[in-house]
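Hi,

Here is the structure I promised to pass on. Have a look at it first, and then read my notes below.

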Amino acid sequence: MSSKFPDHFLWGGAVAANQVEGAYQTDGKGLSTSDLQPQGIFGAITPRVDGDSGIKDVAIDFYHRYPQDIALFAEMGFKCLRTSIAWTRIFPQGDEDVPNEAGLAFYDQLFDEMAKYGIQPLITLSHYEMPYGLVKNYGGWGNRKTIEFFERYARTVFERYKHKVKHWLTFNEINMSLHAPFTGVGLKDDSSKSEIYQAIHHQLVASAKAVKACHDIVPGGKIGNMLLGGILYPLSCKPEDVLETQRQNRDWLFFGDVQARGGYPAYMQRFFRENNIQVEITAEDRQTLRETVDFISFSYYMSGCVTTDEQQNNTARANILNMVPNPHLASSEWGWQIDPVGLRYLLNVLYDRYQKPLFIVENGLGAKDRIEADGSINDDYRINYLNDHLVQVAEAIDDGVEVMGYTSWGPIDLVSASKAEMSKRYGFIYVDRDDTGKGSLERRRKKSFYWYRDVIQSNGNSLKDKA
Ligand code: BG6
């Protein structure tokens with residue numbers, strides 16, 4: 001197809017510190033909430049005892065192997081790499097006055113390595129982890145004081161890397177706190193709605209403070225929010241289903257509304273009142289929230305449906321958000337429904353709503369891979385998935401949507417977030433490690449590696465209208 005992608009489109013991939021780095025106690029790093037979830041977001045919260053081990057403790061050992069991995073990303077022609085800074089490498093307990101120099105030095109080296117190849121970093125300040133010290137001693141985001149600790153951390157890394165990192169994100173999938181409070185805001189999963197929304201409010205204020213700090217400190221810096229783009233369709237055109245779909249979409253769009261429009265949307269007043277939710281929002285908070293993000297970023301893996309019909313509501317649900325399945329779509333091996341057109345729809349919805357540039361910072365297919373006798377890995381299923389989604393991105397660009405870039409999720413195999421599996425692979429690069437932690441950690445190029453290299457090289461021209 002002829003390319004619709006603009007020059008300077010940021011092609012690349014996205015990873016997160018806790019899913020790739022390992023080295024979970026190296027160079028002074030403190031324990032994070034992710035370290036207490038060795039079975040992933042939906043596993044139990046486990047107090048760490050000496051001698052315990054979890055797959056993320058080593059992950060894919062990116063902490064030590066990043067020069068080799070970045071060279072492979074460069075071979076594919078990456079313009080951009082999204083990763084996160086582990087807050088606990090910089091402030092191990094979260095409340096220190098002075099940052100940990102060894103942690104800061106690690107990211108200096110990482111960004112320098114990327115610069116060698118002209119790969120721009122896109123850095124998430126908090127990707128599904130926070131210092132466990134802040135949870136244990138302060139109650140996580142439930143405590144207003146956490147805003148200060150986060151601001152100190154954000155200002156520290158902006159100062160340190162202001163000449164190396166120009167694109168930043170605040171909180172990964174900030175709307176996930178509604179479904180995974182421990183991961184998102186460091187609260188117990190059985191916390192009340194008022195407690196969860198209060199913690200979310202503190203995080204939204206902290207996000208706005210980080211936006212302000214980035215604007216103050218990083219010359220030419222741009223900072224975005226990050227939403228889990230779980231777009232929902234009505235299962236039928238029954239007006240009640242359509243209305244309920246709008247209501248449920250607002251559950252997650254609410255976060256974007258605050259971060260991009262600078263205040264609480266009107267519909268939240270009724271939501272809070274009818275659900276008996278009390279949130280303390282000060283006049284100063286309202287002022288702080290007026291500092292809005294420069295762009296909207298989001299992840300997109302699947303869409304889902306909504307129905308008010310009790311019977312249909314009970315149909316088997318398999319994906320991370322427990323959505324009602326769409327009868328028109330096929331599913332991945334993990335039950336995530338595949339909907340490339342949904343990405344075009346979502347891009348248009350977000351652009352209509354916010355009129356700000358959009359950045360697709362996660363998209364991809366988690367699948368089991370097989371190594372053939374000759375050593376090759378023929379992951380045509382992944383190529384087809386990505387091709388079809390990128391064709392829809394091109395369509396959205398043609399619709400007039402401003403898209404800054406696309407970083408596919410897990411360009412190198414990594415530990416999955418929901419269940420800490422290695423067998424759920426997203427990568428163009430295979431990593432030899434299994435779910436029990438066995439394997440040499442050797443890296444190997446898959447068929448999709450060469451396919452993505454061609455896509456980037458041709459700026460999207462090599463995509464096929466029908467994969
Ligand atoms: C997003 C997260 O929810 O989806 C990533 O930001 C995560 O951290 C990705 O890895 C895919 O989910 P999973 O469970 O397949 O790793």
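Before the notes, one term: by a polar contact I mean a pair of N or O atoms within 3.5 Å, where, within protein, one atom must be able to donate a hydrogen and the other to accept it. Please also keep in mind that this is a predicted model.

With that in hand, take D413. A polar contact of 2.8 Å links its side chain to the side chain of K446. The D413 side chain also reaches the backbone nitrogen of G427, at 2.9 Å. As for where D413 is, look in the loop that runs between β10 (403-409) and β11 (429-431). Is D413 buried or exposed? With a relative accessible area of 0%, against a cut-off of under 20% for buried, D413 counts as buried.

Now to the ligand. There are 14 residues around it, and Q19, E173, A417, S418 and Y426 come nearest. By type, that shell splits into six nonpolar residues, five polar ones and three charged ones. Y426 has a polar side-chain atom 2.5 Å from an oxygen atom of the ligand. For K424, an N or O atom of the side chain is 2.7 Å from a ligand oxygen, and for Y301 the corresponding distance is 3.5 Å. How much of the ligand's accessible area does the protein cover? On its own the ligand has 380 Å² of accessible area, and the protein covers 99% of that.

N322 is not a glycine, yet its phi is positive, at about 60°. You will find N322 in the loop between α12 (310-313) and α13 (340-354), and at 44% relative accessibility it counts as partly exposed. L441 is another residue other than glycine with a positive phi, in this case near 70°. L441 lies in the loop between β11 and β12 (443-445). At 9% relative accessibility, L441 counts as buried.

Last one: R155, in helix α6 (residues 145-161). R155 is partly exposed, with a relative accessibility of 29%. If you want a sense of scale, R155 and I338 are 39 Å apart in space, C-alpha to C-alpha, and 183 residues apart in sequence.

Cheers

Technical notes: Residues are numbered from 1 along each chain as its sequence is written. This is a predicted model: local features need pLDDT of at least 70, side-chain atom pairs count only at pLDDT 80 or more; totals for chains, interfaces and linings use all residues. Side-chain values use heavy atoms; hydrogens and water are left out. A residue is near a molecule or strand if one of its heavy atoms lies within 4 Å of it. Accessible areas come from the Shrake-Rupley method with a 1.4 Å probe; for residues, only the protein chains shown count as cover. Ala, Val, Leu, Ile, Met, Phe, Trp, Tyr, Cys and Pro count as nonpolar, Asp, Glu, Lys and Arg as charged, and the others, Gly among them, as polar. Helices (H or I, at least four residues) and strands (E, at least two) are DSSP runs, numbered from the N terminus. Buried means under 20% relative accessible area, exposed over 50%, partly exposed in between (1.4 Å probe, protein chains only).
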